[in-house]
Amino acid sequence: MDGRATTVGLLRDNIRAVRQRIAEACGRAGRDPADVLLVAVTKTRPAEEILAAYRCGLRHFGENRIEELEAKLRALRGHMDEPPAVWHMVGHVQSRKAGRVAATCDVVHSLDSLRLAGRLERTCGESGRRLAVLVEVNVSGEGTKYGYPAWSAETRRATVEELAGLEGLAHLDVRGLMTMAPLGAPEGELRRVFGALRALRDDLRATLPFSDWAELSMGMTDDFEVAIEEGATMVRIGRAIFGPRNE
Ligand SMILES: *Cc1c(COP(=O)(O)O)cnc(C)c1O
């Protein structure tokens, strides 16, 4: 029995199905599927599955723990360079691990403090790297405990004020916002959460024009279609591609 061929065949089918669902959601919203980046979230998946997904044409990969990412990069060294895989950090980053994240990742979706921004800026400055970052926002007030609060007019105002502190960090390229919707929320609640992130983005464009805040990283396996209808430019998808996780 060829277990690997089975895995690759299944992956290929899953990726095709996800791309199809992305295209259909874009169709409903009058959007171009080229404007929605598929980030395959590979946490808990072995390196060989990531390589198989790369060989199926995926280029963007997301992990949520730096230790796990570093181990996989060691295992995959030289196998995903032409064209290069792009690595996204989607999980919370402790400030003391900022250097390791800046050395391995291309995009950080989970910038959630000025302290972390300062650490990333410093290590990127030392290594002469530039890093793309998204600001994580907690729109719903539940679910994740990370992210800048934005579940009320007051918290939104305070967050916008705080984010002014990101201006002028020469090595950080502030690209937009990221959020996670509460798990299992009904569609109306999902639309409210994703719509609120988009509205915050529009606000930031007007008040903090040092970035165009173009990217909205929102949508996972259970809610990516609604997220796309509400304006997502990046979806972070694990289970719909790789199957259920044993966590
Ligand atoms: C695990 C994870 C995902 C992917 O979740 P799925 O439900 O498997 O698609 C997306 N974003 C973050 C931050 C994650 O931790």
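This is a predicted model: local features need pLDDT of at least 70, side-chain atom pairs count only at pLDDT 80 or more; totals for chains, interfaces and linings use all residues.
A search of the whole structure identified 2 aromatic pairs. In one of them, the ring centres of Phe61 and Trp87 lie 5.5 Å apart and the ring planes meet at 35 degrees, so the pair is classed as tilted. This pair joins distant parts of the chain, since Phe61 belongs to strand β2 (residues 60–63) and Trp87 to strand β3 (residues 86–89), 26 residues apart. Both Phe61 and Trp87 are buried. The rings of Phe210 and Trp213 also form a pair, with centres 5.8 Å apart; their planes stand at 65 degrees, and the arrangement is therefore edge-to-face, the term used for angles over 60 degrees. The two residues of this pair can be described by their accessibility. Phe210 has a relative accessibility of 27% and is therefore counted as partly exposed, whereas Trp213, with a relative accessible area of 0%, is buried. An aromatic ring also takes part in an arrangement with a charged group: the charged end of Arg59 is placed over the ring of Tyr54, at 4.2 Å from the ring centre.

Strands β2 and β3 pair in the parallel sense over 4 bridges, and Gly62 is found opposite His88 of β3. From β3, the residues Val86 and His88 point one way, while Trp87 and Met89 point the other way; all of them are buried. A parallel pairing over 4 bridges also connects strand β1 (residues 37–41) with β9, where Ala40 stands opposite Ile237 of β9. Strand β9 (residues 234–237) is covered on both faces: Met234 and Arg236 are buried on one side, and Val235 and Ile237 are buried on the other.

Thr42 is located in the loop between β1 and α2 (47–55). The relative accessible area of Thr42 is 0%, and the residue is therefore buried. Its side chain makes a polar contact of 2.6 Å with the side chain of Glu63. When neighbours within four places in sequence are left aside, the residues in contact with Thr42 are Ile50, Phe61, Gly62, Glu63, Glu68, Lys72, Trp87 and Phe242. Phe61 and Trp87, the members of the tilted pair, are thus among the contacts of Thr42.

Val101 lies in helix α4 (residues 98–104). With a relative accessibility of 1%, Val101 is counted as buried, because the limit for this class is under 20%. Beyond its neighbours within four places in sequence, Val101 is in contact with Ile66, Met89, Val93 and Val108. Met89 is one of the buried residues of β3. Val101 and Leu131 are separated by 30 residues in sequence, and their C-alpha atoms are 9.8 Å apart in space.

In helix α6 (residues 153–163), the buried residues are Thr155, Thr159, Val160 and Leu163. Viewed down the axis of α6, these buried residues fall within an arc of 135 degrees, so they line one face of the helix. On the other side of α6, Glu154, Arg157 and Glu161 are exposed. The elements covering the buried residues of α6 include β5 (131–138), β6 (148–149) and α7 (187–207).

Definitions and conventions. Residues are numbered from 1 along each chain as its sequence is written. Side-chain values use heavy atoms; hydrogens and water are left out. Rings of Phe, Tyr and Trp (its six-membered ring) pair if their centres lie within 6.5 Å; planes under 30 degrees apart count as stacked, over 60 as edge-to-face and the rest as tilted. Helices (H or I, at least four residues) and strands (E, at least two) are DSSP runs, numbered from the N terminus. Buried means under 20% relative accessible area, exposed over 50%, partly exposed in between (1.4 Å probe, protein chains only). A charge sits over a ring if NZ of Lys or CZ of Arg is within 6 Å of the ring centre and within 35 degrees of the ring normal. The arc is that of the directions from the helix axis to the C-beta atoms. Contact means heavy atoms within 4.5 Å. Two strands pair if DSSP finds at least two bridges between them. A polar contact is a pair of N or O atoms within 3.5 Å; within protein, one must be able to donate a hydrogen and the other to accept it, and residues adjacent in sequence count only if both atoms are side-chain atoms.
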